[in-house]
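Student: I have a structure to go through and would like to take it piece by piece. Can we start with one loop and work outward?

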Amino acid sequence: MSGKVFLVGAGPGDPRLLTVGAMNCLKAADVVVYDHLADESILSYVPANAERIYVGKQSNKHTMRQEDINVLLADKADEDKIVVRLKGGDPFVFGRGGEEALVLLERNIPFEVLPGVTSAISVPAYAGIPVTHRGVAVSFAVITGHEDPTKAESHIRWKHLATGVDTLVFLMGVANLPVITKNLIENGRPAETPAAIIRWGTRVNQETYVTTVGEAAAMAARDGIRPPAIFIVGEVVRLREQLRWFDRPDIRPLLGKRILVTRARAQASALTEQLTALGASCIETPVIRIAPPADGYAALDHAIEDIHVYQWLIFTSVNGVEHFFVRLHHAGKDTRALGYAKIAAIGSATAKRLRSFGIHADIVPEEFRAEALVETLTPILPPRARILLARAQEARDVLPESLRAHGATVDVAPAYETVPELDGGATLADRLTRGEIDVVTFTSSSTVKNLVQQLGNITPLQQTKIACIGPVTADTARNYALEPDIVAENYTIDGLVNAIKEHMQ
């Protein structure tokens, strides 16, 4: 396949504003060239074997010159690679994407442009400021906050701009506020016109400063407001008092809280999405990954071959359900092969996943743990019942041993294995030690064990709050001398999120 470059807008910062097209490009990339304003979590879509090249630019600090970036993109595409140039915001809104495209055109490199959500409209929206509003503003303009310093004179038509447009949005203009506000006032914009400075827009650490055109420069200097930020001018700023939503604690009670998610990468999104919706900043650092069991499914396949002999099938996790049905289909069978077998599930999430395969569990104990299932199941077991337990390779023996003690024959078939992810321990330990993480979440005993193994010791974890999905996971944490601050009463992701929310309020 010949090389190609995708000029992709990453949006202003909130990963939820990444477009579907951008996500698909990142998934297919051989090389990703990204800048300072691209949120790091967006890079989770990039294949592990893809090359990542940081060329970030900040005010007065450039990792790589633009001319060199242009050449880099073309050179990588000439190696028959799919190259994604990931830019904050939109590539064609002060993103210099046009310059990169022209160089690619000169080199006969095919390219596509995937626009991104620009900060010019999204950042004010997150601050509760619409750039247009019926009866208030019918026009808006987007202006660079710092023009090319090599130009002999400004190309901004201040005389027309100052009073000719209702809402003015200056991007990257914090350092130049004295010049911007001076030109606006001298060309007819009243000094008392409402204005706002919005820093780190759309991110959980977003800061909004409401001011006026006349006071903005002094406020920025006094409060030490630094880039990245936008400056918005106009009567629409007054609407923030009513329309403010993103930074309201009553709507987003976890606003600004930094929470570590340790679930396997493929499963982290459910927890991350719920926490993010409540305002949290999630750091996804998977400490486990789900892999086939050590026996290569031999025990599970054998059980499926004789599936008709079992009176009960027990599933203790979503992973167990998914891997069981993959192997069932691999054997050329479907749910009809289960015959008259009864089904038991630990946890509402497990039961929900079973329903997606057309199976309604006969038993789901109110308490989502092995002991509760034993109490519910043993009174109704037939004599010498034959039971198949499809579960993780490493798990507590409470369930099979208790059922055997009641006369049942229990075949334990490993359906999957949790494998430690050991990379990144030093960086994570440093962040924990510096107090950059407020809560560490554990969704299973294996996440506790593997995070401690990844860090090398428990010391970094003693300076943050510990949140566990249930008592079994909490007991594992205590075994490592980590006392949980939060233990969910409902042993689900929803329960864990609610427990964190209640504790942090």
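Student: Where does R96 lie?
Tutor: R96 lies in the loop between β6 (82-87) and α3 (97-106). Helices here are DSSP runs of H or I with at least four residues, strands are runs of E with at least two, and both are numbered from the N terminus. This is a predicted model, where local features need pLDDT of at least 70, side-chain atom pairs count only at pLDDT 80 or more, and totals for chains, interfaces and linings use all residues. Residues are numbered from 1 along each chain as its sequence is written, and side-chain values use heavy atoms, with hydrogens and water left out.

Student: What is the phi of R96?
Tutor: R96 has a positive phi, near 60 degrees, and is not a glycine. Most residues other than glycine have a negative phi, and most peptide bonds are trans.

Student: Why does R96 count as partly exposed?
Tutor: Because its relative accessibility is 35%. Buried means under 20% relative accessible area, exposed means over 50%, and partly exposed is in between, with a 1.4 Å probe and protein chains only.

Student: And where is R384?
Tutor: R384 is in the loop between α13 (370-377) and β18. R384 also has a positive phi, about 50 degrees, without being a glycine. It counts as exposed because its relative accessibility is 71%.

Student: Which residues does the cis peptide bond join?
Tutor: P227 and P228, with omega about 0 degrees. P228 is found in the loop between α7 (216-223) and β12 (229-233).

Student: Let's zoom out. How many helices and strands are in the chain?
Tutor: The chain has 18 helices and 22 strands. Its C-alpha atoms fill a box of roughly 95 × 55 × 45 Å along the principal axes. Of the 505 residues, 50% are buried.

Student: Which helices make the β-α-β units here?
Tutor: Helix α16 (residues 445-455) makes one with β20 and β21, and that unit is right-handed. Helix α17 (residues 471-479) makes another right-handed unit with β21 and β22. A crossover is right-handed if, with the strands pointing away from the viewer, the path from the first strand over the helix to the second runs clockwise.

Student: What does L496 touch?
Tutor: Leaving out residues up to four places away in sequence, the residues it touches include L271, F442, C468 and A488. Contact means heavy atoms within 4.5 Å. L496 is in helix α18 (residues 493-504), and it counts as buried because its relative accessible area is 0%. L496 and I469 are 27 residues apart in sequence, with C-alpha atoms 5.3 Å apart in space.

Student: New topic. In what order do the five strands of the open sheet come?
Tutor: The order is β15-β19-β18-β16-β17, and the pairing is mixed. β15 (288-291) and β17 (342-345) are the edge strands, each pairing on one side only.

Student: How many bridges pair β18 and β19?
Tutor: Strand β18 (residues 386-392) and strand β19 (residues 409-420) pair in the parallel sense over seven bridges. A390 has A413 as its bridge partner in β19. Helix α10 (residues 298-305) lies across β18 and β19 and runs at about 145 degrees to β19. Axes are lines fitted to C-alpha atoms, for helices over the stretch in contact, and angles run from 0 to 180 degrees between N-to-C directions.

Student: And which strand does β16 pair with in the parallel sense?
Tutor: Strand β16 (residues 312-315) pairs with β17 over four bridges, and F315 stands opposite A345 in β17. β16, helix α11 (residues 318-330) and β17 make a right-handed β-α-β unit.

Definitions and conventions. Pairing = 2+ DSSP bridges.
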